[in-house]
Amino acid sequence: MGSHNSDCRSVARKTLFTGGFVFATAALLYIGIMGLAVKETGLGIRRLNQASEQLPHIADNPAAKKIAIVYGSSLVHAGFSPDIFDSEMEAKGIDLVSYNFGFDGLNPEYQHLYAKRIMDEFQKRGKKIDAVLIEFNPFQATLTRRGHDQSMSDQWYASFCSPAELWDITLTDPQRGTRLLEIRYLRNGLSSELVTTALRLALKLHEPTLPSTDYAEVLTKRRKLKSRFRRELKKDLGERYRQQWNPAFRGARLSRKYLSDHTIDLYEQLTASLRHPVQLEQDLKKRVEFCDIVKLNFDDGQIDEFINLVRTFKSMSRHVEIILLPQNREWIQNPPETKNRLNQVLDRIKAETQVAIRNYQQTPEISKNHFSDVTHLTRISGSEAFTRILARDMKFRF
Amino acid sequence: MPFNTPLFLVFFVVFFVLYSFVFLRRSSRLYLILIGSFVFYAGWNYRFIPLIMVSATVDYYVALAIVATNRQSLRKVLLALSISANLGLLGIFKYADFALHAVAEFLEMFGYPVSLPALALVLPVGISFYTFQSMSYTIDVYRGVFMPRKGLLQFTAALSFFPQLVAGPILRARQILPQFETMPVPTWAGSKHGLVLISVGLTKKTLADLLSGPAAAVFDTDAAAVASLSWVEIFTGVLAFAGQIYGDFSGYSDMAIGIGLLLGFTIPMNFRLPYLALSPVDFWRRWHISLSTWLRDYLYISLGGNRRRRYLNIMITMVLGGLWHGAGWNFLAWGFFHGCLIIATHGLSNAQFLQGFALSRNWWVRFVKWGTTFYAVLIGWIIFRAVNMDVAVDLVMKLHQPGSLPISPPQAWLVAQLSILAFASMHVIDYIVIRYGKRIESRVALLLSFLILLQFFCFSVGTPGHAFIYFQF
């Protein structure tokens, strides 16, 4: 019996050691290689990581100015210029520093999680945010979009939940909780879904078919233009080139202040080339397939999350408004029933949050040439034009 | 609590430490296995644990009663009680709604439309596996090939043994109960092999999950959407599903066997490179071996086997084998299709003019046999996986009319290449383990490199918690 037990223990020790060694080595390799991949390609989360790194500094507010955060989706990322907003506000006599907190690929549920982390930073310091403009992006709150977002749910929960929230999830759903803890602590916040999504994008597995050989020529020209633009941008920005959430631009992707006229000219040429009808048609197709952008069948759960998101910001901010960014009317034409649905949703949000909504979707001052695709404003002329309109309409009373 | 989740890792490490260092006496280990298995099962739904206990208790006492009496009629009644109890559980939870629906359809056909209420019961995970396992015990005892064991605890622990509880392999009482009597000590060689099998299983499961996308793109579509698919996409989807179901199920079996080995238990192999089969009969000798041998030993032979009505027995066995996978016409049709294939194989191999072909060892002849079998198996998977029979027929038709289909998008070729790569990789890994497994396990550096490589792959692109297909059966 004694030798039986000691044999059993000896084999078990070896097994545990071998299994542990293999697991730990594989995890370390993963963290190392994926860390490099994030550094090189971003893997879709670099902007969020960099914004998170800046949060304590923003909350500290060393310049002691009023703080305004514009929070939302990639539409905000592309379409809001803090430089323009601040200078327009200065002209109105308001000393303010604004930040672009627009992030790609986050639906209201995940935006709400991240919003809580923003609030934590201010709460820790006993401060409130002076103004928050929250974008409501209708096509991010659709059932279709939700269906396509599911695979990244664990990634965002693991990244954005506080330790206490993670613990709560683990107690109520141990399977999900341990998975989230694994992503957060064993994988250094990088889920395998993030890797497969990045691979899918890199392999262009969802790219639509090219309709003609003529368009292939346009693509070749665009590729050359893009590489020239990138070269010039690198020259202008130097080290900042790699930053997805650039503190100097306060979260905007580009800023006229830092770019040469030549680079700006190349950028405008590039966006003009992106406005090719074939490209826009493909883009629209993709948006319909992944976001239901024309019919907009809303997911009530996402609307609830958006309402909660507004309430979260409202609890810690002096001034909160909801905005809808301009829509590319040339390409996205919602049928009357969709418009009714959207109006009903907006009425509900307004009634439940008691927050004013500014809807710029149909603003006549923004034309099709302010867009780089069917949804996003161009990062220079488009974002500047919209930001000026926004700044003109904003009436802060601090 | 699927094997491919961090929660299972935590569970198993705790269980393994307790099993190896704390609970060293046989009786305490039996309790540990029983409690551990119930905790494992409760990861899905603790409410169904009593079903396992009912199945175990009924069969345990029925087996004791069978040997206690010499009256053949009573023995038969007792056996019928055991079979009825197990099939009754299966019938209520798995087939009741299907049967009610079929009755309603049948009556409607004759002009008597009726509305029968659906039970809409949740299917308890693993019920098809543990009821078959439990039944095999009483049948073996009835046949006198296995003596009943004393100790309900031991019997229940063996039946609910967590590595194989929810998705097999379906163990026979004679395979597992003697091991529970001796509680074998794990060997280092067995443990190394166990670690290899767990890693290989996880890798195959990861590849299967990657293939689930292209498979779903073809099979989760209605008849209208099928019309817009090109033949390349259909072929890719079918191949992807073939790979998905193999990687998913054989991966689970590998992990179950590996986990068993780490605890000292031997669980027989459930797959032997089935897609390399040279005939449909050969395929069923390599695919889900524990089910096909169960059906052979307990159904086919009971029906008369080769002695009388051979082809009818084959067809009944295969149709019921198809239905075992789920309550649906497609499973029934799939079983019927394979029944036809097996009957045709036997018929052709008996034909005088094909004797030379059937017995030939020529490489080209073997290639033709393999190609034909693989093609037939793929067609079978279309029947198995399509949302309904209309779509299945559409897919089969369109696969064979490449010229009449829409031009495939450029990405379809890339997806096809990636699917073939994933499909081939599973087989390469299997081949490496079969051919070089011993060599790898005998050299520490080689073993560690192999395991780290596989684990890194799973870590990078695996989706922990991605459901196993066979749980729904």
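What follows is a short chat about the cavities of a predicted model and the build of its chain B.

Me: What kind of model is this, and how are residues numbered?
Reply: The model is predicted: local features need pLDDT of at least 70, side-chain atom pairs count only at pLDDT 80 or more, and totals for chains, interfaces and linings use all residues. Residues are numbered from 1 along each chain as its sequence is written, chains are lettered from A in the order in which they are written, and side-chain values use heavy atoms, without hydrogens and water.

Me: How many cavities of 30 Å³ or more does the structure hold?
Reply: Five. A cavity here is a set of points on a 1 Å grid over the protein atoms alone where a 1.4 Å probe fits but cannot get out; its volume is the space filled by probe spheres set on the points, which are joined across faces, edges and corners.

Me: How much space lies in the second largest cavity?
Reply: About 50 Å³.

Me: Which residues line the second largest cavity?
Reply: Among them are Gln133(B), Tyr137(B), Phe155(B) and Leu177(B), where lining means having an atom within 4 Å of a point.

Me: And the largest cavity, how much space is there?
Reply: About 130 Å³. Of its 16 lining residues, those closest to the centre include Leu75(A), Phe139(A) and Gln361(A).

Me: Switching to chain B, what are its spans along the principal axes?
Reply: The C-alpha trace of chain B spans about 70 × 65 × 50 Å.

Me: What share of chain B is buried?
Reply: 58% of its 473 residues, with buried meaning under 20% relative accessible area (1.4 Å probe, protein chains only).

How values were computed
1 Å grid on protein atoms, 1.4 Å probe; cavity = no way out; pocket = protein on both sides within 12 Å on 5 of 7 lines; lining within 4 Å. Buried < 20%, exposed > 50% of the residue type's maximum accessible area, 1.4 Å probe, protein only.
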